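Trainee: I would like to learn how to read the contacts between parts of a protein. Could we go through a case together?

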2 protein chains.
Amino acid sequence: MPAINRQFLLARRPEGRLRESDFDYREAPVPEPGPGEVLTRTVYLSIDPANRAWMFPDPTYRPPIGLGEVVAGFTLNEVVDSRDARFRPGDLVECEGGWQDYAVLPADALHTLEPRKPLSHWMSVLGVTGKTAYFGMLEVGKIRAGETVLVSAAAGAVGSFAGQIAKLHGCRVLGIAGGPEKCRWLTEELGFDAAIDYQSGDLSERLAACCPEGVDVYFDNVGGAVFQAALFRMKTHGRIVCCGVMSILDTDTPPPRLLGVPGLLAIRRLRLEGFIVLDYYGRRRQAEQALAGWVAEGRLKVREDIIDGLQNAPRALMGQLHGANIGKRMIRVAPEPSGRE
Amino acid sequence: MPAINRQFLLARRPEGRLRESDFDYREAPVPEPGPGEVLTRTVYLSIDPANRAWMFPDPTYRPPIGLGEVVAGFTLNEVVDSRDARFRPGDLVECEGGWQDYAVLPADALHTLEPRKPLSHWMSVLGVTGKTAYFGMLEVGKIRAGETVLVSAAAGAVGSFAGQIAKLHGCRVLGIAGGPEKCRWLTEELGFDAAIDYQSGDLSERLAACCPEGVDVYFDNVGGAVFQAALFRMKTHGRIVCCGVMSILDTDTPPPRLLGVPGLLAIRRLRLEGFIVLDYYGRRRQAEQALAGWVAEGRLKVREDIIDGLQNAPRALMGQLHGANIGKRMIRVAPEPSGRE
């Protein structure tokens, strides 16, 4: 066991676009667990746009990351030492371990994971990402077979699962993504009915051409100009699943002026609804079983963008916020444990 | 029976604030019904902000009023002559008779009303107005006892019923209205827990003072700056009922820049939902029975702002769009018929 705990701390509130200088790197001693606590070692660190949102000074659905604090992040960890009877060394847990090698956490903050191959699926399709797509599309969007479903950031982590889940339920699925490579992946590999490259041409016109009769459910991961274009394409009684606002998180350009809210909502009887997957935590097993089943049947494809080395976390997030990834991005902080079996 | 049919036509698309010169007045012959049609005489003409929305060139939930067409409006009419077996002279009907003395309509477009005293209640508490408040608050807002409910244009037609319905269901109800007279009416006569005069002081600060713990349900009749202030006061899992955008309908000032959509929706898991009462037409009897029962029990107060004379319709609408009315505004086009009983 190495004697140090590498950590990234939030050095300052980012202004506009995130920079490496917004982070401090520190090598600290490995902490020791107190009574009821567990020492864990980070295996995978999830890289999510939400990480950037937590850096704003205002609380979101959680307090902001404090200056000088370890950057918060969802992780898959291995238990190293436990002072709680429920956990023992070698256990795999899901937690908010943050951007560091080791985290001491209260036992109540850990959720046990079963070993599986690849273990990384607990970070992607079976993790927060896949469950966000699952509950967002099915519980918030309430998609029905035959409906037209639009997904933005469709080649991203949540978006690629969200679109495939809609396909599995008999919907016509359109994806919005940046660049021809992502668009090809959506239509040729994932089975999307169409993909629109938002970087090329007028988005509103291309949306109108792709879905002349309008959109029943729009799964929004980006906000901003794409949200605006989609809003005006909604059918009467359409639903917008408000999952994220990636396009306006990491910029100092003010978001475009939004038209049609709330006026168009009444005219077209639209429902806009935001959600956080953590609200569905009590039903996580249902989602995990469904998602794992679809993966096993080959009906849900999982693409992971795994970057080795904790030292790459800042650049990984900076890139992701501007579309560098295809599929679920995560950091492999340590090799997958060989398991106790 | 007079030989003429007084009519107001839409002369031009209003630019900014509605003017009398946007209307043409005409005296036309009384029309004759064809097979399957009914000749009706207007008794009450409802004056609604929606009338103004229908004057824009873009369709709303209905086609725009065409230039040179009779201004559209909900009416309570008496059947004068019928070429459909379901109707006979003296019947009372609800319809879209428009801004004129006489309308020939297809029999399928008429809904029979039972005689009642006062008949005007079919235009206010039992009409489109009361039913909008009923379905909006109960079916869209899904209010629960103990919740904090905020209503804008609370001294207006829909707002005054909406707030009272929330009180009847055990909610704490706050109203936003313009001027001390309206605010006094809300708290002293209608039993609102508090009223905020949006014309006096900083609305956001006063909202925060009135409901420091936030709002569960906001019933929005106005859009614009009031919508913005309310949005940031919403509790987690709050709901906004999008009923109207009166504050931005009759002006050439662009609406204020809207912040927090869609971002705040996810953070606070908010639901914004628009509706049109016509979607609930199949359940109208349920609403009418409930509303009539509350009125009979003295638990729902009805205030009507009845203006005599069709010639006053343009000014009545122009005033209403800027808050001139308290309660439900309508035009008495002809005296209430004495009835056939």
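Mentor: Gladly. A polar contact is a pair of N or O atoms within 3.5 Å; within protein, one must be able to donate a hydrogen and the other to accept it, and residues adjacent in sequence count only if both atoms are side-chain atoms. This is a predicted model, where local features need pLDDT of at least 70, side-chain atom pairs count only at pLDDT 80 or more, and totals for chains, interfaces and linings use all residues. Residues are numbered from 1 along each chain as its sequence is written, chains are lettered from A and ligands numbered from 1 in the order in which they are written, and side-chain values use heavy atoms, leaving out hydrogens and water.

Trainee: How many residue pairs are in polar contact across the interface of domain 1 of chain A and domain 2 of chain A?

Mentor: Seven, with both residues at pLDDT 80 or more. The bounds, from an automatic or database domain assignment, are 4-124 + 303-332 for domain 1 and 129-278 for domain 2.

Trainee: Which side chains meet in a salt bridge with A:Arg52?

Mentor: A salt bridge is a side-chain nitrogen of Lys or Arg within 4 Å of a carboxyl oxygen of Asp or Glu. The partner of A:Arg52 is A:Asp250, at 2.7 Å, N to O. Between the two domains of chain A, the count is one salt bridge.

Trainee: What is the area buried between chain A and chain B?

Mentor: The size of an interface is often given as the accessible area lost when the parts come together. Buried area here uses a 1.4 Å probe and is summed over both parts. Between chain A and chain B it is about 2400 Å², with carbon and sulfur atoms giving 65%. In chain A, A:Arg257, A:Pro262 and A:Arg269 lose the most area to chain B, together 24% of what that side buries. Two salt bridges are counted between the chains; A:Asp279 and B:Arg269 meet in a salt bridge at 2.7 Å, N to O.

Trainee: How are the two copies related?

Mentor: Copies are superposed by least squares on the C-alpha atoms of residues with pLDDT of at least 70 in both. A rotation of 180 degrees with 0.0 Å of shift along its axis places chain A on chain B, with RMSD 0.0 Å. The copies are thus related as by a two-fold rotation axis. In chain A, the C-alpha nearest that axis belongs to A:Leu272, 2.5 Å from it.

Methods: Buried area is the accessible area (1.4 Å probe) that two parts lose on being put together, summed over both.
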